[in-house]
Amino acid sequence: MTIYEKFIMGMLTNFGSMALERIHNTLKMFCVADPSYDKSLQQLQSFLSGLVSEEKLEFRDGMYLLKK
């Protein structure tokens, strides 16, 4: 999952904040090359929770955003 971290950070830089489902759908849509994104929503949520714990992201009102 760590290979998707930079992509997630880029999405949040461009969009500001995103819900879990939108992050998941965007990864499925754009990460089709090797390795393709084939994770479950629960796996993504667990990974994002880890990034929140590492203080790289914030989770507010059901939305993920970059930690300021």
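Predicted model: local features only at pLDDT ≥ 70, side-chain atom pairs only at ≥ 80, totals over all residues.
Two strands count as paired if DSSP finds at least two bridges between them.

I begin with the strands. In strand β3, L65 has E58 standing opposite. L65 also has S17 standing opposite. Strand β2, residues 57-60, and strand β3, residues 63-66, pair in the antiparallel sense over 4 bridges. Strand β1, residues 17-19, pairs with β3 as well, again in the antiparallel sense, over 3 bridges. Another facing position is F59, which stands opposite Y64 in β3. As a general point, side chains in a regular strand alternate between the two faces of the sheet.

How many residues lie between β2 and β3? The two strands form a hairpin with 2 residues between them. In that turn, D61 has a positive phi of about 50°.

The chain contains 3 helices and 3 strands. Read from the N terminus, the order of elements is α-β-α-α-β-β.

Where does V52 lie? V52 belongs to helix α3, which covers residues 41-53. V52 and L66 are 14 residues apart in sequence, and their C-alpha atoms are 9.2 Å apart in space.

Finally, I turn to the chain as a whole. For 68 residues, a compact globule would have a radius of gyration near 11 Å; the chain has 11 Å, so the two agree. Along the principal axes, the C-alpha atoms fill a box of roughly 30 × 20 × 20 Å. Of the 68 residues, 32% count as buried. Among contacts with a separation of 6 or more, 49% come from residues 24 or more positions apart.

As for the surface, the chain exposes about 4,400 Å², and carbon and sulfur atoms supply 52% of that area. The chain carries 8 positive and 8 negative side chains, and the centres of the two sets lie 4 Å apart.

Thank you for your attention.

Methods: Residues numbered from 1 in each chain as written. Heavy atoms only, no water. Rg over C-alpha atoms; globule rule 2.2 N^0.38 Å. Buried < 20%, exposed > 50% of the residue type's maximum accessible area, 1.4 Å probe, protein only. Contact = heavy atoms within 4.5 Å. Areas by Shrake-Rupley, 256 points an atom, 1.4 Å probe, with all protein chains shown as cover. Lys, Arg positive; Asp, Glu negative; His and termini not counted. Charge placed at Lys NZ, Arg CZ, Asp CG, Glu CD.
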